[in-house]
Amino acid sequence: MRFSRYFLPVLKETPKEAEIISHQLMLRAGLIKQQAAGSYSWLPFGYKVLMKVQRIVEEEQNRAGAVEMLMPTLQSADLWRESGRYDAYGKEMLRIQDRHERDMLFGPTNEEMITDVFRSYVRSYKDLPLNLYHVQWKFRDEVRPRFGTMRSREFLMKDAYSFDLDKDRAVAAYNRMFVAYLRTYWRMGLTAIPMRAETGPIGGDLSHEFIVLAETGESGVFCHADMLDKPIPPADTDFRGDLTPIVQDWTSLYAATEDMFDKAEYEATVPENKRISARGIEVGQTFYFGTKYSEPMKATVTRPDGQEVAVHMGSYGVGVSRVIPAIIEASHDDAGIIWPVSVAPFEAILISLKVGDAATDAAAEKLYAELDAAGIDVLYDDRDQGAGGKFATADLIGVPYQLIVGPRGLKDGQVEIKHRKGGERETLAIDAAVARLKGLIEPQRRDQA
Ligand code: 5CA
C-alpha cells in the first residue's frame, strides 16, 4: 500500500477526551474515529487490525471444532420473552420498535437466537456435540462507555455456543474452548490468564474470564505469578481427545476476579512471593450454564434410550474490538504503538527519505515490488515530506519493521532496517534487505505455530 494513496489521518495532538494510552494512540494513529458516545468508525488502519484479530479468532475456533455462521444484529423481543431475559436484562438493552410496532432489540448477546436455530433443526443425540459461532456487532447501552473501544456501546464480539447431551460432555466442550482461548490470545502476542469469574446476566455456575494484566484494567484480579509464563498448548493439540489434564493444569493455580475472591484460599495456596494482586482487562469469557435456555425454550434431543432431554449449553465470548486496546496497553512506548507481527496492520514500512531523487525512487520502487512479491504486507511511505516527520509517524503507528532507503546509504548500495520493538538498527546491502525482513517476520506470524 502506498501511503500517498492510503487514508491514514495521523493526529499531532493527543485528544483531550482520551484518558488512557491505548485510546489516545488509537485516535492519534488513525485507527478509529468517535461517532457518538461509545460508537466508533474503524478507519482503514484500525479495520486492518480488527480483521487480523478476527481471522486469528476464527482459525482457532475452527481448529477446536466450532462452526462459523452469522446471525442478525436485530432480534425479536419474543425470543427473549421465552427465556425470561427480556425484562431481566434492564436498561443495557437497546429496545426498538419496527413500523408494525413489533418489539425488537439490538442484540447484546445471542443465547436465545442460537437456541432457536438449534431447536429448529436438531432432534437427536447423534447430531451432537455441536458448537456454532459467529463474529457480529453487539450493542449494550453501557452506563459509562469509556476508554474508546475498550468499553463501547457498539462492539464486535465472537460468540460461540456449545450443545451437548449431558453435563460431562458439555464440560468437555467448555475445555475445548478454554484451550482454544489460550492459543487465540497467545497468537495475538497477549498473555491472557483464565480466572474464575462471576456469571452475571448470562448465568450458570462455571465461568472463566480471560484477563490481560494492565494498570488501566477495569477488573481487580488475584493470581499466582506462575500463571504468567505457562507454556501454551501447541497447534497440533488433539481437540477430539480429553483436554481435562491441560485445563486442570491451568486451573490448579489460584486465579480469580475480585467478585470471586476467596482470601483464605488465596493465602493458603499461593506463597507470599508469588501473589499477584493487580488490575486487568477482560478480553474474553467462557460460561457453562446447563439447561438455563434450552429448558424454557424447549431445545431438546432424544437420548440413545429414546428419552427426550434439554441440551446442556455453554457460551464463549471474545471481545474482538476490545482486544486491540488491550494489545496496545500491553505493547507501546513513548513514541507510539508497537504491534506484534501477527496483528500488525502492516508488517513493514518502507520509508523513502528523498522522494523525487531518481536513484532513491528507483531503489524504493524496486524494494516495494520485491516485498510485495515476497508476501510481506508493506506500507510504502512515498510521501514527499521531511525525514523527521516520517520517522515519528512510523514510530507512532507501530509497524514492526522500518526499511529506510535514502541517497546517502544508496551510494554504498546500503539500506537500513529499524526494529520498532527494541529500536535496534541494521545496515545491510540493498539486495539482502527483503530476505532479511522475511527471515525476521515469518517466524513471528504465529500462523503455523
Ligand atoms: N454470551 C456470552 C459469551 S458469548 C457473553 O456475552 N459474554 S460477555 O458478556 O462476557 O462478553 C464477551 C466479551 O465481550 C467480554 O469478555 C468482553 O471482552 C467483550 N465485551 C463485553 N462488553 C463490552 C463492551 N461494552 N465493549 C467492548 N467489549 C465488550
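Just after helix α1, residue G30 takes a positive phi of about 70°; helices here are DSSP runs of H or I with at least four residues, strands are runs of E with at least two, and both are numbered from the N terminus. The model is predicted, so that local features need pLDDT of at least 70 and side-chain atom pairs count only at pLDDT 80 or more, while totals for chains, interfaces and linings use all residues. Residues are numbered from 1 along each chain as its sequence is written, and side-chain values use heavy atoms, with hydrogens and water left out.

Helix α1 (residues 21-28) is mostly covered, with seven of its eight residues buried, where buried means under 20% relative accessible area, exposed over 50% and partly exposed in between, for a 1.4 Å probe and protein chains only. The buried residues are S22, H23, Q24, L25, M26, L27 and R28, and what covers them includes the strands β1 (32-36) and β2 (39-42) as well as the helices α9 (320-330) and α11 (387-397); contact means heavy atoms within 4.5 Å.

Helix α6 (residues 167-187) has 21 residues and reaches 30 Å from its first C-alpha to its last, close to the 30 Å expected at 1.5 Å a residue, the expected span being 1.5 Å times one less than the number of residues. Of the 21 residues in α6, 15 are buried.

The loop between β19 (348-352) and α10 holds D357, which is partly exposed, with a relative accessible area of 24%.

| Pair | Distance |
|---|---|
| D357 side chain, T360 side chain (polar contact) | 2.4 Å |
| D357 C-alpha, P407 C-alpha | 7.8 Å |

The axes of helix α10 (residues 358-373) and helix α13 (residues 433-441) come within 10 Å and cross at roughly 40°; axes are lines fitted to C-alpha atoms, for helices over the stretch in contact, and angles run from 0 to 180 degrees between N-to-C directions. L367, E370 and L371 in α10 meet A433, V434 and L437 in α13, and the residues of this contact divide into five nonpolar, no polar and one charged.

Key: Ala, Val, Leu, Ile, Met, Phe, Trp, Tyr, Cys and Pro count as nonpolar, Asp, Glu, Lys and Arg as charged, and the others, Gly among them, as polar. A polar contact is a pair of N or O atoms within 3.5 Å; within protein, one must be able to donate a hydrogen and the other to accept it, and residues adjacent in sequence count only if both atoms are side-chain atoms.
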